[in-house]
Amino acid sequence: MLQKIYDWIDDRIDITPIWRDIADHEVPEHVNPAHHFSAFVYCFGGLTFFVVVIQILSGMFLTMYYVPDIENAWKSVYYLQTEVAHGQIVRGMHHWGASVTVVMLLLHTLRVFFQGVYKKPRELNWMVGVLIFFIILGLGFTGYLLPWDNKAFFATQVGLDIAQQVPFIGEQLKTLLAGDPEIIGAQTLTRFFAIHVFFLPGALFALLAAHFILIRKQGISGPL
Amino acid sequence: MSEKKQQVSRRQFLNYTLTGVGGFMAAGMLAPMLRMAVDPVLKTSSHGDLANVSLSVDDITDEPQRVDWKIDQVDGWYESEVTKTAWVYKDENDEILAFSPICKHLGCFVSWEGSEDFPDEFYCPCHGGRYYKDGTNVPGTPPLAPLDQFEQKVEDGMLFLGEAKEQGEA
Ligand code: HEM
Ligand code: FES
């Protein structure tokens with residue numbers, strides 16, 4: 001049945017070469033932990049992606065209950081955490097996954113750094129990687145405000161004050177992020193929500209696509 | 001490798017184990033999310049008590065009158081007072097009838113004598129649905145069932161109403 005559906009589509013638009021190109025290629029021996037155990041360091045990039053997928057999926061499901069409004073944000077998180085079956089687990093995945101993402105990303109970056117594989121011709125992908133790193137930090141920062149509890153509020157207070165220290169444009173930058181020069185409130189929460197679930201994930205997808213296309217173009221770096 | 005016929009090749013074995021382990025991990029990840037998403041479908045709704053609608057039984061006539069009353073509604077994390085409405089009258093046997101105003105076609109608001117063209121009937125403006133005074137849907141108009149009736153009781157001469165219940169097919 002599945003084979004038939006596949007053949008029907010393949011007949012018309014010839015997808016086999018496309019997915020061959022994406023999925024069907026050899027893993028070089030020197031990056032395969034089954035050959036050299038120390039090759040596990042090559043897994044961190046893939047693990048980062050795996051955790052990011054978990055973040056995106058669990059985030060999408062959290063959004064079914066979460067409301068970005070100062071009256072109801074905390075109540076909706078409390079409700080999904082205490083009243084919704086498995087809500088606690090899904091929130092837990094997103095909460096802890098956020099930290100695991102950063103840890104994996106750091107390990108991946110360390111591998112690339114200490115192997116020196118950011119050098120020519122892969123400098124571009126290092127730059128893309130640095131942008132991904134900032135996007136992930138941005139996701140962590142904006143997501144942290146969303147539960148709208150005391151910890152969230154004061155973490156954002158501190159973060160915005162740090163942004164304010166930027167020379168010359170600090171004040172404007174803070175207002176741009178907070179939606180108000182003085183208040184951290186209703187407008188801050190909606191902004192952070194929009195940035196957290198639309199703007200940064202959108203940018204992240206684009207950068208991940210660039211990252212992976214570059215890897216396929218340049219191939220994985222050779223053995224040390 | 002032995003000369004004997006291999007039941008399962010190494011490649012197949014690896015494929016099966018990897019698919020199995022991968023599937024197990026994916027299921028473990030997705031199960032809580034899906035369970036969370038379908039939770040509203042699986043939640044049992046709590047049954048509220050009948051509410052005093054502030055209408056004395058003596059004031060109920062044989063002409064349907066609109067009765068509004070407030071109930072506390074819990075909607076997830078949001079609690080509020082919402083207004084419920086019923087059409088209430090006494091029939092020829094002095095029995096109190098309390099009809100839900102929700103149209104049995106697609107849920108618009110039904111009014112007693114809501115159209116000048118159809119006196120003595122309930123009328124729904126959305127698609128011209130009609131019901132006789134006893135709540136039965138007028139054949140040939142969009143609704144396919146009679147109006148729902150509220151659970152009711154009379155205490156100390158006051159009318160109490162609960163949930164609206166379906167009547168049998170017309
Ligand atoms: C790499 C990607 C992401 C990271 C690092 C991240 C990080 C975070 C963090 C740290 C929190 C606070 C959690 C807590 O304190 O409990 C959070 C909350 C939230 N995130 Fe994300 N997030 C990511 C992607 C997404 C995406 C793609 C969506 C939606 C499509 C999303 C939706 C939400 C929602 C609705 C909340 C509020 C619920 C809650 O606080 O538990 N997130 N996120
Ligand atoms: S909803 Fe009442 S007639 Fe269609």
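**Figure 1. Pro121(A) sits in the loop between α5 and α6 of chain A.** This view, like the others, comes from a predicted model. Helix α6 spans residues 123-145. The peptide bond from Lys120(A) to Pro121(A) is cis. Its omega is near 5 degrees. For context, most peptide bonds are trans.

**Figure 2. Two histidines of chain A hold the iron atom of ligand 1.** The protein donors are His94(A) and His196(A). Each uses its NE2 atom. The donors lie 1.9 to 2.0 Å from the iron atom. His94(A) belongs to helix α5 (residues 87-114) and His196(A) to helix α9 (residues 186-218), so the pair ties together parts of chain A that are 102 residues apart in sequence. Are these two histidines buried or exposed? Both His94(A) and His196(A) are buried. Ideal angles for six octahedral donors are 90 or 180 degrees.

**Figure 3. Trp69(B) and Phe150(B) form an aromatic pair.** Over all chains, the count comes to 20 aromatic pairs. In this one, the ring centres are 5.4 Å apart. The planes meet at 75 degrees, so the pair is edge-to-face. Trp69(B) lies in strand β2 (residues 65-75) and Phe150(B) in strand β8 (residues 149-155) of chain B. The pair therefore ties together parts that are 81 residues apart in sequence. Trp69(B) has a relative accessible area of 4%, so it counts as buried. Phe150(B) is buried too, at 7% relative accessibility.

**Figure 4. Trp112(B) and Phe122(B) make an edge-to-face pair.** Their centres are 4.8 Å apart. The angle between the planes is 65 degrees. Trp112(B) is in strand β5 (residues 111-112) of chain B, and Phe122(B) is in strand β6 (residues 122-124). The two residues are ten apart, and the pair links distant parts of the chain. Trp112(B) counts as buried at 9% relative accessibility. Phe122(B) is buried as well, at 0%. Which residues do ring pairs link into a cluster here? The members are Trp87(B), Tyr89(B), Phe99(B), Trp112(B) and Phe122(B).

**Figure 5. Charged ends sit over aromatic rings in both chain A and chain B.** In chain A, the charged end of Arg20(A) sits over the ring of Trp19(A). The distance to the ring centre is 6.0 Å. In chain B, Lys153(B) places its charged end over the ring of Phe160(B), 5.3 Å from the centre.

**Figure 6. Helix α4 (residues 73-82) of chain A has five named buried residues: Ala73(A), Ser76(A), Val77(A), Tyr79(A) and Leu80(A).** They cover an arc of only 160 degrees around the axis, which puts them on the same side of α4(A). What do they pack against? Their partners are α3 (43-62), α5 and α9 of chain A, together with α1 (10-37) of chain B.

**Figure 7. Helix α8 (residues 170-178) of chain A buries Gly170(A), Lys174(A) and Ala178(A).** Seen down the axis, these buried residues fall within an arc of 55 degrees, so they line one face of α8(A). Gln172(A) and Leu176(A), on the other side, are exposed. The cover over the buried residues includes α7 (150-164) and α9 of chain A. Just after α8(A) comes Gly179(A), with a positive phi of about 80 degrees.

**Figure 8. Ser54(B) and Asp120(B) have positive phi values.** Most residues other than glycine have a negative phi. Phi of Ser54(B) is near 60 degrees. Ser54(B) is in strand β1 (residues 51-56) of chain B. At 60% relative accessibility, Ser54(B) is exposed. Phi of Asp120(B) is near 65 degrees. Asp120(B) is found in the loop between β5 and β6 of chain B.

**Figure 9. Ser221(A) lies in the segment after α9 of chain A.** Is Ser221(A) buried or exposed? Its relative accessible area is 8%, so Ser221(A) is buried. Leaving aside residues up to four places away in sequence, Ser221(A) touches His30(A), Arg111(A), Val117(A) and Arg122(A).

Terms used. Residues are numbered from 1 along each chain as its sequence is written. Chains are lettered from A and ligands numbered from 1 in the order in which they are written. This is a predicted model: local features need pLDDT of at least 70, side-chain atom pairs count only at pLDDT 80 or more; totals for chains, interfaces and linings use all residues. Side-chain values use heavy atoms; hydrogens and water are left out. Donors are N, O and S atoms within 2.8 Å of the metal (3.2 Å for Na, K and Ca); water is not among the atoms, so sites may look incomplete. Helices (H or I, at least four residues) and strands (E, at least two) are DSSP runs, numbered from the N terminus. Buried means under 20% relative accessible area, exposed over 50%, partly exposed in between (1.4 Å probe, protein chains only). Rings of Phe, Tyr and Trp (its six-membered ring) pair if their centres lie within 6.5 Å; planes under 30 degrees apart count as stacked, over 60 as edge-to-face and the rest as tilted. A charge sits over a ring if NZ of Lys or CZ of Arg is within 6 Å of the ring centre and within 35 degrees of the ring normal. The arc is that of the directions from the helix axis to the C-beta atoms. Contact means heavy atoms within 4.5 Å.
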